[in-house]
Amino acid sequence: MAGSTGNPKIFPRWVLWIGLAAFAVLTLTPFLWLILSSVQPSAALLRSPAPLWPESLTLANYRKLFDATAGAYGVDFVRAMVNSTVAACAATALSLFIGVPGAYAFARLWFPGRGVVLLMLPGIAIVIPLYLSVRELGLYDRLLGLILAYTTFALPFVLWVMQAYFRTVPMELEEAARIDGCSRFGAFLRIALPLVGPGLAAAAIFVFLMAWDEFLFALTLTSTYRAKTLPVALAEFQGRHFTDWGLMTAGGVLASLPPVAVALLMQRYLMTGLASGGVKA
């Protein structure tokens, strides 16, 4: 009796589609709820239970967030958005500028202690000494201090991730370039760096998202809207005796747009980078 060829299917295709649809609904429902809440009057959100579907739609919450009148919410919120954008982009660029050559050194060079250097500590473990250092340097409540603080946790991540990508690049390619007259740095720029492009994009995306969402350092190292970022600004919509849920949900929608846009635009590079990083040459 001839045996059947091919691998047997564990689940029928329709079961997989139902599972994926259920997962999509479970994942997107909170975001849909956030959007619907942001276009409702604040009074409607105070009901118990809150209406599942808006009885009336309004953009008043968004108008408040962008109201440029002196003393209005919009002045501080827009400044916080600008601060978050500058801090996240600058921290990403600085971490890659320092971390990518460093990761190449970890992958290609031997030095004492190389195996124990790539350690990452949780932010809570260094927030107090970091706060004292920032105060002493005169960088408290300044974007530069926040950028340097973000780099402290982003740089080890870049080193740890990128050294794995550089190890997937065959040494023979760099050795051939050096025989042709390239220096080690030239081989790094012309051979190794282009081949780890997907990994570089993946690392940049993750660092940007971590810096954009970071709350602990932004809360500890800032006191005014000269340097406060979006997560801190959103938290301040919740007061001791009153919470403006309309502004908070509208701000949450706006705060989620840049990460979503970055993820969608860079999805191809992100998936390629994650897949290639798991393959050893």
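**Close-up views of a predicted model**

**View 1. Helix α4 is kinked at glycine 99.** In this predicted model, α4 carries a kink of about 30° at glycine 99.

**View 2. Helix α7 bends at threonine 152.** The bend in α7 is about 35°. At 1.5 Å a residue, its 24 residues should span 34 Å; the end C-alpha atoms lie 32 Å apart, which agrees.

**View 3. Helices α4 and α7 pack against each other.** The crossing of α4 past α7 is right-handed. Residues of this contact divide into 22 nonpolar, six polar and one charged.

**View 4. The largest pocket involves α1 and α13.** This pocket holds about 190 Å³ of space. Two elements, α1 (13-38) and α13 (245-265), each give two or more residues to its lining. Thr27, Leu28, Phe31, Ser256 and Val260 line the pocket. α1 supplies the largest share of the lining, three residues. By class, the lining has three nonpolar and two polar residues, with no charged residues. As a general point, residues three or four places apart in an α-helix point the same way, because the helix has 3.6 residues a turn.

How values were computed: Residues numbered from 1 in each chain as written. Predicted model: local features only at pLDDT ≥ 70, side-chain atom pairs only at ≥ 80, totals over all residues. Heavy atoms only, no water. Left-handed = near helix turned anticlockwise from the far one by under 90°. Helix = DSSP H or I, 4+ residues; strand = E, 2+ residues; numbered from the N terminus. Nonpolar A, V, L, I, M, F, W, Y, C, P; charged D, E, K, R; others polar. 1 Å grid on protein atoms, 1.4 Å probe; cavity = no way out; pocket = protein on both sides within 12 Å on 5 of 7 lines; lining within 4 Å. Points joined across faces, edges and corners; volume = space filled by probe spheres on them. Expected span 1.5 Å × (residues − 1). Bend = angle between axes of the 7 residues up to and from the residue.
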